[in-house]
Amino acid sequence: MNEDRFVQCQKQLAQVKKEFEEFVYLVSHDLNAPIRAISNLLGWISEDLGPNIPDDVQQNIKLLQDRAQRLEKMLSAILALSRVSRTNLETGYIELPAFLENISEKYRNNNSFITIQAEPIGFTTYYQKLSAVINELLTNALKHSDKELTTIQLTATRVNNFLQLLITDNGSGFAPEIQERIFSLFYTARSKEETENIGAGLTVARSITNFAGGNLTINQAKAGEGSSFILLWPLHILETT
Amino acid sequence: MKIITKIYLSIGFILLVFGFVTFAYFKQSQKVAKSIEQVLLSSEIIQTNSNLQHAVVNAQNGLRGFLLSGKENFLEPYYAGMASYLIELSLLKNLNRDKPDNINYLNQVDLEFNRWNDSVAAPIIQAKREVNTSEKARQHYNHLFYQSYSQEEGKIKIDTIQYFTGLIQKAETTNKNAQVAILKISQDRTDLLGIALTILALIIGVATALLLGKTIKRRISSMQNLASNLARENFDITLTDDYHDELSSLSADMNVMAKKLQQSFASLNKMNQELDQFAYVVSHDLKAPLRAINNLAEWINEDIGETTPDIRKNLSLMRGRVHRLENLINGILAYARIGRTKIEQTTFEFGDLLQEIAESLVLPPGFNFIFPTESLLITTEKILLQQVMVNLISNAIKYNNKSNGQVTVTAQEHGAVYLISVADNGPGIPQEYHEKIFGVFQTIEARDTIESTGIGLAIVKKIIEEKHGAIRVDSEPNQGTTFSFTWPIMLPVTVAHSQTALIHE
């Protein structure tokens, strides 16, 4: 009887998972059309109005454009979430620290200082997914920085069957009470009016990490000390169901 | 120790005890048989011995009779005694072949008898026969007669024989009695041993059965307890079992299973929660910028003042899109929430539900809404049935192209289900769309013409499938459309009441 129950439960779980993905796909896919229509209509309206319009109208049109873009971004984030288990499934052999160097190169400029400390580790993995997660964490660190020079420290060590990657920055960090919430969808630390962020990057990063069988957490004592993310990424490709 | 080992050990021990009992009985019966043989032999020896004595006495008596009467026929017992003596003696010798004492006695008997026959009986018979032939013969006879009887030579010899046969008789009688006594003692002892061992085996058997039964019963009932707790989705129970036997490993397996069940229930719940939370996030977070867009569009509309109709039209179109998006989001949320929340069941009149729906919908002028005439009390999750009916009826109204539009609702009991249908006289649905219309976001007409999200029928289908019902559509272009679906008949909410009613019947 309990075996049946177990099987039934597993089935239900699979069903819910499927529904979840289907639902997410529907949300992102079918809502896209009217949102694009809104953007288009706005374009035509502002064209028709011409250049000589009152400032407040100009301002409102700009705000409206922002909102429409935000909606589109939100939808593509939802779409990205729904595609985590279906995209970038290519596997390849990567070697540290070269892999981290390559990714970091793009983020190095006058305002950033990225240091890498990594054990020489080579393994086969979903390298595109790992790259996406690291990219997101770097982007996040730079985006939220309140310093002139953002320093980011990447430390990679082998912990049992995992690669442990510490990403520490000198930014403002997150207050302890919001540390778990930053991973939820569309959560932004600052008000939506002040930021262009839609609050999906870390959600997607964590979702990708979970898919690969890893773990993404934030480890930081208090606000104002810079944030430190801990990424645990399996050194073996896990069988996923 | 394993249970099966315990069972084997106890049954093995009981079998061993019974085996021992059987062996003892076997040994005993062998002994008894031997004793009986001895007793029989002794009896036979005693009998034959007595026959021998008779033979000797007969021979003596025959001799005496002959000597007294002088007639030859009186000698017959003598000859008979002689013959019988020889037979009995050889029999006795044979019977006593393992008894040297008796053989010794017999040899003495034979010696004495032969001596008596050779030196007493045979000469005196010879002399008696010749007694009348001469005086010398008479004197010889008298001499012999005097020797044998007055000197009692013959009697002494016979007495010696009687003495030795008496010894045999005595020895064998003693032997026989001794054997009988041994027989009785050993039989008693075997009986005692047999009874004692049988009782011991029975005690061990019963004790083993009771002990094993008790421990097994207690543990099995704790497993049953766990199983029924699992069935009630209570996973906090773990079995502890330190016996290290088969039931222990079964307990361990059950614990693992309970844990796995708990984990999958937890992840199922988590998944459901996530989905709910996601639905909330989507609704909340997507709607916020949407509302902003709506407001901004309104402000722009107010601020631009005199302008071309194109702009006004586009602004209105834009707000139409915003409205549509909001409806879509609401529809998706409704769709996502089906079956995820438990809704209480109520009993209500189906006609009343239809009346409420008719009042909530805006019926175009001239539109005819026909209810079923018979009263029907339905027990179910009212909101779900309402959602189904609202979607079907509003579709029938929305897409109707006749000036005298009409929608007819029928409902009847059909076995374990209600059969409910919603028929309209609208444009009908071409065959190729009959499957597609139940998909999410499917509308037949272009989305610009009728404000329809296309999710209504998907919601209808999902609700009905959630209730294990089925829905079908019958329609031809220009022939109207009939949606028919089944809905399970549930027991009325007042279950306790109906049960007592049954008992009274």
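Of the 505 residues in chain B, 24% count as buried. What I am showing is a predicted model, so please take every value that follows as computed from it. Chain B has eleven helices and seven strands. Taking contacts in chain B between residues at least 6 apart in sequence, 71% join residues at least 24 apart.

Next, the contact between the chains. Chain B puts 44 residues into it and chain A puts in 40 residues. On the side of chain B that touches chain A, the elements giving two or more residues are α5 (153–231), α6 (246–303) and α7 (309–337) of chain B. The one that gives the most to that side is α6(B), with 24 residues. Sorted by class, the side of chain B that touches chain A has 33 nonpolar, five polar and six charged residues.

Which residues touch the most other members of the largest nonpolar core? They are I38(A) and I293(B), in a core of 94 residues. Here too α6(B) gives the most, with nine residues. If we leave out residues up to four places away in sequence, I38(A) touches A68(A), I293(B), M318(B), R321(B) and V322(B). There is also a second, separate core of 26 residues, which includes I45(B), L52(B), F113(B) and I168(B). As background, nonpolar side chains in soluble globular proteins tend to be buried together.

Let me stay in chain A for one more residue, I35(A), which sits in helix α1 (residues 2–49) of chain A. Is I35(A) buried or exposed? I35(A) counts as buried because it has 24 C-beta neighbours inside 10 Å, and the cut-off for buried is 20 or more. Neighbours within four places in sequence aside, I35(A) is in contact with A68(A), L71(A), E72(A), L75(A) and L325(B). Take E72(A) from that list: I35(A) and E72(A) are 37 residues apart along the chain, and their C-alpha atoms are separated by 6.7 Å.

Now the sheet in chain A. Five strands make up an open sheet with mixed pairing, in the order β2-β4-β5-β7-β6. At the edges are β2 (112–118) and β6 (215–218) of chain A, each pairing on one side only. From one strand to the next, the twist averages 15 degrees. In general, the strands of a sheet pair through backbone hydrogen bonds, either parallel or antiparallel. In this model, β6(A) and strand β7 (residues 228–234) of chain A run antiparallel and are joined by four bridges. Within that pair, N215(A) stands opposite L232(A) in β7(A).

Two helices go with this sheet. Helix α3 (residues 98–105) of chain A lies across β2 and β4 (150–159) of chain A, and runs at about 170 degrees to β2(A). Helix α4 (residues 127–143) of chain A packs on the sheet, where it touches β2, β4, β5 (162–169) and β7 of chain A. The direction of α4 makes about 150 degrees with that of β4(A).

Last, a helix pair in chain B. The axes of helix α9 (residues 382–398) and helix α10 (residues 456–466) of chain B come within 9 Å and cross at roughly 145 degrees. The crossing of α9(B) past α10(B) is left-handed. From α9(B), the residues that meet α10(B) are L384(B), Q387(B), V388(B), N391(B), L392(B) and N395(B). Facing them in α10(B) are G456(B), L457(B), I459(B), V460(B), I463(B) and I464(B). By class, this contact has eight nonpolar, four polar and no charged residues.

Definitions and conventions
Residues numbered from 1 in each chain as written. Chains lettered and ligands numbered in written order. Predicted model: local features only at pLDDT ≥ 70, side-chain atom pairs only at ≥ 80, totals over all residues. Contact = placed C-beta atoms within 7 Å. Nonpolar A, V, L, I, M, F, W, Y, C, P; charged D, E, K, R; others polar. Pairing = 2+ DSSP bridges. Axes fitted to C-alpha atoms, helices over the stretch in contact; angles between N-to-C directions. Left-handed = near helix turned anticlockwise from the far one by under 90°. Core = buried A, V, L, I, M, F, W, Y, C linked by C-beta atoms within 7 Å. Buried ≥ 20, exposed ≤ 12 C-beta atoms within 10 Å, placed from the backbone.
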